[in-house]
Amino acid sequence: MIIIVWYHTNHPVLLDYPFFNTTLFFVSGLLFHPVEGRSLWTQKVKRFLSPFVFFYIVYYIFLLLINFIKYHSISPDIAWSILDVFKWNVDNDGYTCNYPLWFIWALLWIQIAANYLVKWVKNDWALFFIGFVVSLIGYRYIKHIPTPFMLGRSTSFFVYFISGYFIKKIDYIKRWKIGLPLAVLSFVVLHVWDSPIRSMEISKMIFELIAFAVILLYISVGLQQSKWMKPFIFLGVNSMVIFGVHDMYLTVIRMITQNTLGEMNVWLGFLNMVIV
């Protein structure tokens, strides 16, 4: 979560490696527990749409206020941006009212789909294969088709969620002596390998990002016992809150730092991240 906040301000080129969203869905799959019966929809709607609506409206009010302070007026585009949620989205579209909230919609669709899938498909490898095919089609086709409520964008991340769920079931902590070296080797090979077949680039990217997520998982497991990590435990507990409010904090802090310390750079971006 700390790195995600830094990514949304001025950051080093190293942070442009696209592992943030894929790792978040991987961790979500790791923590996923299927829901039985009719409570699936009511539970998921309450868990995801309630914070979405709250942070969406709060950010809209914040957006109106910031624009009025800066320009002494509110443009029609900003005034009507609250209706962005009903627009059909394509590729990496987000919302004017709190862009990071696209993740909540995507995770809602993925969790609902995964909940049904794990009941119908009992073989773990078949489950992973279906997740891979869905994401492959999502990357190549579906995300480029306009769909409502981030449905199309969610398909490309399905395999990372399923991978997290898959890893959880194989007792990964006890198998770290095999799992970690294998993940590191896989990542290095895939990262340096230049596929001669362009159509294989998406598949290579998927497996590379899964390997990187597994590496981060083992690092996190190793660090969680450290006393230095205790101050950061709350970030995982309140990750939904961070998603909802960090962009508002960054906007205000960015305005203050630019007016007092000059043009934004990597170090000021790091300062903004620390303050947030």
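Select helix 2 (residues 20-30) and helix 8 (158-168); their axes come within 6 Å and cross at roughly 40°. Axes here are lines fitted to C-alpha atoms, for helices over the stretch in contact, and angles run from 0 to 180 degrees between N-to-C directions. The helices are DSSP runs (H or I, at least four residues), numbered from the N terminus. The angle makes helix 2 oblique to helix 8, since angles under 35 degrees count as roughly parallel, over 145 as roughly antiparallel, 65 to 115 as roughly perpendicular and the rest as oblique. The crossing of helix 2 and helix 8 is right-handed: a crossing is right-handed if the near helix is turned clockwise from the far one by less than a right angle, and left-handed if anticlockwise.

The model is predicted; local features need pLDDT of at least 70 and side-chain atom pairs count only at pLDDT 80 or more, while totals for chains, interfaces and linings use all residues. Residues are numbered from 1 along each chain as its sequence is written, and side-chain values use heavy atoms, with hydrogens and water left out.

Now show the side chains between helix 2 and helix 8. On helix 2, the contact (heavy atoms within 4.5 Å) includes Thr-22, Phe-25, Phe-26 and Ser-28. On helix 8, Tyr-160, Phe-161, Gly-164 and Lys-168 are among the residues that take part. By class, this contact of helix 2 with helix 8 has seven nonpolar, five polar and one charged residues. Ala, Val, Leu, Ile, Met, Phe, Trp, Tyr, Cys and Pro count as nonpolar, Asp, Glu, Lys and Arg as charged, and the others, Gly among them, as polar.

Select Asn-21, Leu-24, Phe-25 and Ser-28 in helix 2, which meet Trp-102, Phe-103, Ala-106, Leu-107 and Ile-110 in helix 5. That contact of helix 2 with helix 5 has seven nonpolar, two polar and no charged residues.

The axes of helix 6 and helix 8 come within 7 Å and cross at roughly 160°, which makes helix 6 roughly antiparallel to helix 8. The crossing is left-handed. Residues to pick include Trp-125, Phe-128 and Phe-132 of helix 6, and Val-159, Ile-162 and Phe-166 of helix 8.

Last, go to the second largest pocket, with a volume of about 560 Å³. A pocket is an open set of points on a 1 Å grid over the protein atoms alone, where a 1.4 Å probe fits, with protein on both sides within 12 Å along at least five of seven lines; lining residues have an atom within 4 Å of a point. Grid points are joined across faces, edges and corners, and the volume is the space filled by probe spheres set on the points. Of its 20 lining residues, Phe-166, Ile-167, Ile-170, Leu-182 and Val-214 are the closest to the pocket's centre. Helix 9 gives the largest share of the lining, six residues.

Conventions: Helices (H or I, at least four residues) and strands (E, at least two) are DSSP runs, numbered from the N terminus.
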